[in-house]
Amino acid sequence: MAGKKLPKNVDLASNVEVAAGFFTDTPPAEAKAESNKKEQSATPQPNAEKPTTNKTATKEKKNLGGRPKKYGLKNEQFTLTMHPEMYEKLRILAEEHTRGNFSGLIDEAIKSFCREHDIDLAAIHVTPEILDMYKKKQEKKSKKK
C-alpha cells in the first residue's frame with residue numbers, strides 16, 4: 001500500500017474517485033461499486049417516516065474538550081520552607097508514590113499523620129471570613145483573564 005501516491009495537483013473535494021481505495025485495500029472499481037450500493041440503500045423509501053426537527057429546541061453546548069470547570073475553592077499556592085536535603089528526599093518520594101506531584105505527597109503525608117494521631121480534620125472548622133477572602137481572591141484572578 002505504500003507504493004500508492006496521489007498526484008499533487010488533484011482536487012480531492014471535487015474528484016472523490018481519484019482517492020477511492022487510497023486508505024483501504026479495495027481497488028477504486030470495487031470501491032465505486034460499493035458506494036453505488038450504499039447510495040441505493042440510502043435512498044429514502046416513499047413510505048418511510050421522515051424525522052421531524054423541532055426548531056424551538058435549545059442548542060446543546062458542544063463539548064470543547066479540555067479540563068472541566070472546577071467549582072468551589074481552587075488549590076492555592078503556598079510557600080514551604082525546609083532543608084534542601086529533606087526537600088530532595090521528599091521529591092524522590094513524590095516521584096515514586098504520587099507521579100511527581102509534590103503537593104499531593106504532602107497532602108497524603110498530612111492525612112496519614114492525622115489518622116495515626118486520631119485527628120479528625122473534618123471536625124476542625126475554618127471561619128467563613130477566611131474562606132470568603134480566598135473566594136474573592138479567586139474571583140479577582142478569573143476577572144483578569
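Modeller: A salt bridge here is a side-chain nitrogen of Lys or Arg within 4 Å of a carboxyl oxygen of Asp or Glu. The model is predicted.

Biologist: How many salt bridges does the structure hold?

Modeller: One joins Lys137 and Glu76, another Lys89 and Glu85. A further pair is Glu88 and Arg91. The count of salt bridges in the structure is 3.

Biologist: Which parts does the pair Lys137 and Glu76 tie together, and how many residues apart are they in sequence?

Modeller: The side chains of Lys137 and Glu76 meet at 3.2 Å, N to O. Lys137 lies in helix H5 and Glu76 in the loop between H2 and H3, so the parts tied together are apart in sequence by 61 residues.

Biologist: What is the N to O distance between Glu88 and Arg91?

Modeller: Both residues lie in helix H3, 3 residues apart, about one turn of the helix. Glu88 is partly exposed at 35% relative accessibility, and Arg91 is partly exposed at 34%. Their salt bridge has an N to O distance of 2.9 Å.

Biologist: Is Arg67 buried or exposed?

Modeller: Arg67 sits in the loop between helix H2 (28-42) and helix H3 (84-97). With Lys69, Lys70 and Lys74, Arg67 gathers in a patch of positive charge on the surface. Exposed means over 50% relative accessible area. Arg67 has 79% relative accessibility and therefore counts as exposed.

Biologist: Which element has the highest mean pLDDT?

Modeller: The chain as a whole has a mean pLDDT of 76, and 59% of its residues reach 70 or more. Among its elements, H2 has the lowest mean, 57, and the highest, 93, belongs to H4.

Conventions. Residues numbered from 1 in each chain as written. Predicted model: local features only at pLDDT ≥ 70, side-chain atom pairs only at ≥ 80, totals over all residues. Heavy atoms only, no water. Patch = residues over 30% accessible without salt bridge, like charges linked within 9 Å, V, L, I, M, F, W, Y side chains within 5 Å. Areas by Shrake-Rupley, 256 points an atom, 1.4 Å probe, with all protein chains shown as cover. Lys, Arg positive; Asp, Glu negative; His and termini not counted. Charge placed at Lys NZ, Arg CZ, Asp CG, Glu CD. Helix = DSSP H or I, 4+ residues; strand = E, 2+ residues; numbered from the N terminus. Buried < 20%, exposed > 50% of the residue type's maximum accessible area, 1.4 Å probe, protein only. pLDDT = per-residue confidence, 0-100.
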